[in-house]
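Reader: Before I use a model such as this one, I would like to learn how its helix contacts and its pocket should be read. Could you take me through them with care?

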Amino acid sequence: MSFQAPDAGAAATATEQEQQGRTRSVTPGRKGRRSDRARSENRLGWMLAGPAFVLMLAVTLYPILQAAYDSLFSLRLTVPDDREFVGLQNYGVVLTDRLFWYSLGVTLFITVVTVLIELVLGFLLALAMHRAITRLRGIVRTAILVPYGIITVVSAFAWFYMFDINAGGYMNAWLDWIPGIDENLNWFAQRGTALFVIIASEVWKTTPFISLLLLSGLSQVSGDLEEAAKVDGATSWQVLRRVILPNMKAAIMVAVLFRALDAFRIFDNIFIMTNGAQGTEVLSLLAYRTSIGRLEIGLGSAISVLLFACVGILAFIAIKGFKVDLAGGKER
């Protein structure tokens, strides 16, 4: 009887084939377990966030759909039983009215000027908090948030009493060194000065919000990139333009988008300071006057729907213009 040892090469080959076989047999199982786990996590996510998502949709969609529905009827609140379906006639009336287009122009003017000023001032504040006063950053962040924490109606009344000479406003005495300003200047009697006070109050209140958003973007800019640019001989302006701003593009877009949408819906400041007088009426105030003042629910709803459409268009332009993927925070 003879005994032969197994061939080493054949044994290694058999072992590799066995391992590959085990790998092939195990891989589908792993994929299955990962898929099951992913499906389970997805299901858990919907169970946790689903109720809040449905509630949010109900709260936000119901007024929009109700306004769109009411805009198709000729409806006065004093005679609700005389509701008559008129289709898109209310939109035709609104879009052919000069007051609508004038209010849209005033709204766009306030939005553009306010956002531009806030963007510049907010970036300077963010830069100061990021670099110049690092030790006091926490205190400064809290201090600059004070205006943003004040209720808009309260801040509007404060600015109104500061500038209204009939209510004892003191700003004329403070600013009388500026040519054209004396103690008899009535800021709310002219469109230009009234818009100046309205825009100044908006800038004072919401610039801190912009600065904090931009500060978060500044903190994400790598210091190594700035140092590398300086070593290569770049000036401070070139570092700002070529390194800092491109790397905080997502933060700038979020700041501009949020503030533009908020400024476009401005209502409180104008309602308290001028009530739309001197050519300061905006779309929100026009919708309010039509719906609540004149009780024209159909026409007021049509203006509200058009206002919502304008907000949607602004958001679309901002997202497409900046070309930033908000989910990933990267440029497309």
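This is a predicted model: local features need pLDDT of at least 70, side-chain atom pairs count only at pLDDT 80 or more; totals for chains, interfaces and linings use all residues.

Reader: At what angle do the axes of α11 and α14 pack?

Author: Helices here are DSSP runs of H or I with at least four residues, numbered from the N terminus, as are strands (E, at least two). Axes are lines fitted to C-alpha atoms, for helices over the stretch in contact, and angles between N-to-C directions run from 0 to 180 degrees. Helix α11 (residues 249-264) packs on α14 at about 165°, with the axes 10 Å apart. The two are therefore roughly antiparallel, a label for angles over 145 degrees, where under 35 is roughly parallel, 65 to 115 roughly perpendicular and the rest oblique.

Reader: Is the crossing of α11 and α14 left-handed or right-handed?

Author: A crossing is left-handed if the near helix is turned anticlockwise from the far one by less than a right angle, and right-handed if clockwise. The crossing of α11 with α14 is right-handed.

Reader: Which residues of α11 and α14 meet?

Author: Contact means heavy atoms within 4.5 Å. On the α11 side are Lys249, Ile252, Met253, Val256, Leu257, Ala260, Leu261 and Phe264, and they meet residues of α14 including Leu307, Leu314 and Phe322. Ala, Val, Leu, Ile, Met, Phe, Trp, Tyr, Cys and Pro count as nonpolar, Asp, Glu, Lys and Arg as charged, and the others, Gly among them, as polar; the contact has 15 nonpolar, no polar and 1 charged residues.

Reader: How do α13 and α14 cross?

Author: The axes of α13 (residues 283-293) and α14 come within 7 Å and cross at roughly 160°, which makes α13 roughly antiparallel to α14. This crossing is left-handed, and its contact residues include Leu283 and Ala287 of α13 with Ser304 and Leu307 of α14. They divide into 7 nonpolar, 6 polar and no charged.

Reader: And how do α9 and α10 cross?

Author: Helix α9 (residues 223-231) and helix α10 (residues 236-247) have axes that come within 10 Å and cross at roughly 165°, in a right-handed crossing.

Reader: Which residues lie nearest the centre of the largest pocket?

Author: On a 1 Å grid over the protein atoms alone, a pocket is an open set of points where a 1.4 Å probe fits, with protein on both sides within 12 Å along at least five of seven lines, and lining residues have an atom within 4 Å of a point. Of the 14 lining residues, Ile64, Arg265, Ser304, Leu307 and Phe308 lie nearest the centre. By class, the lining has 10 nonpolar, 3 polar and 1 charged residues.

Key. Residues are numbered from 1 along each chain as its sequence is written. Side-chain values use heavy atoms; hydrogens and water are left out.
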